[in-house]
Amino acid sequence: MKDWPYDVFATGWYQIGYSAELAPGDVRPVKFFDQELVLFRSERGEVSLLDAYCAHLGAHLGHGGQVKGDCIECPFHGWLWNTDGSLEGIPYAPNATRKVALDRWHTAEVQGLLLVWYDGHGRAPFWEYPGVPEYGDQENFYPIYPYGADHVGVRKIITQMPIENTPDYFHFPLVHGTGQPGRPLLWEEKGEYLHTRMGYWFGYGKSTTWLTPDGPVDGETETEAWGLGLSLARFHIGDFITAQMTATTPVDKEHSQIFCTMAVSREPGSSMDDPPTGRAEQMLRFQDAQIRRDFAIWENQKYIEHPPYAGGEEIYYSAFRRWSKQFYFDKPYRDGKRLEGDQRKAEDWTVPVYDHNPV
């Protein structure tokens, strides 16, 4: 993004795929954080993400490499690498030992999402992504895979832009056709976790819509974010709920791989095996289209570091940008602790709720 102020990727958890799409024995060449990597699942089912190039003569393990038991086999000379990146063996020199290894990246599988931890200083994860209640509740919500798994693909969008929508209450009428801006109801920060609530009328100004068949509903959009890579928007429209995760994972300094994952309330009377129908099916399609309206803005946007805010924007945008700075680590670290005043207490970031658009 033009005029983007940071030269580093943000520390945190990021999505790299869906569990259902990586079967035992599968191998994928992938690129994230400007690095060539290989993603595979061992025959026992363990997921591994390693630096892609064999330490022997540099062959890319993702192009022609095969899973052999708990290892990935180099397509060039057959060197075997364990899921932890250690060298298991050299087939043509079985008694040889070499002090070489491949860097392994921290991964996790949570409710069908494949995740990776990124930290530019190589530190192990110092927070965990807890998951989303709706994604684990298939009695009341349709499963996220395959119904709510949207592969948006690689777009010219940096990680921060989707989550920077969180304090933007005024873009909804023009970009999403809501009829009125949102009303801030809650702003809560707890370290890497950001939680907000925003109210607005769904179906505003219309007697009936497919989403609000009984007339306008004074509902809420609740957001949760765990760092900058995983951002959830939860739409409360009466007892109908949609939980939509936007996951933005850097490919390089300009591009990100984007996934959108949704769980929607089951239609009354539907069984566990029924696909989404009615309002649930329409909501999945509707939100797929709505997020792409945002993408069209973000792909062509310039970053304004000190915007001329209006209408109360400065309260929440400023709060968000202060909160986001904690993830861009461009200074050295000792003992896993942030230096030079980067340790902040949650109460230092309390933001008053300012209702700039009363109904």
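**Fold, cores and aromatic pairs of the predicted chain**

Over residues 14-116, the chain is 42% strand and 0% helix, with the end C-alpha atoms 5 Å apart. Helices (H or I, at least four residues) and strands (E, at least two) are DSSP runs, numbered from the N terminus. UniProt lists residues 14-116 as "domain: Rieske", in an unreviewed entry; such annotations may be inferred rather than shown by experiment.

The model is predicted: local features need pLDDT of at least 70, side-chain atom pairs count only at pLDDT 80 or more, and totals for chains, interfaces and linings use all residues. Residues are numbered from 1 along each chain as its sequence is written, and side-chain values use heavy atoms, with hydrogens and water left out.

The protein chain has 17 strands and four helices. Its C-alpha atoms fill a box of roughly 75 × 55 × 35 Å along the principal axes. Of the 359 residues, 51% count as buried (under 20% relative accessible area, with a 1.4 Å probe and protein chains only).

The largest nonpolar core holds 78 residues. A core is a set of buried Ala, Val, Leu, Ile, Met, Phe, Trp, Tyr and Cys residues joined through side-chain atoms within 4.5 Å. Y129 and W226 touch the most other members. Beyond four places in sequence, Y129 is in contact (heavy atoms within 4.5 Å) with W13, V110, Q111, L113, L115, W226, L230 and M245. A separate core has 15 residues, including C74, W81, I90 and L102.

T248 lies in strand β16 (residues 240-250). T248 counts as buried because its relative accessibility is 1%. Residues up to four places away aside, T248 touches Y14, I158, T159, P162, G229, S256, Q257 and I258.

The structure holds 30 aromatic pairs. Rings of Phe, Tyr and Trp (its six-membered ring) pair if their centres lie within 6.5 Å; planes under 30 degrees apart count as stacked, over 60 as edge-to-face and the rest as tilted. W117 and W127 form an edge-to-face pair, with ring centres 5.0 Å apart and planes at 80°. W117 lies in strand β10 (residues 113-118) and W127 in the loop between β10 and β11 (149-155), so the pair ties together parts ten residues apart in sequence. Both W117 and W127 are buried. Ring pairs link W13, W117, F126, W127, F320, W323, F327 and F329 into a cluster.

Technical notes
Buried means under 20% relative accessible area, exposed over 50%, partly exposed in between (1.4 Å probe, protein chains only).
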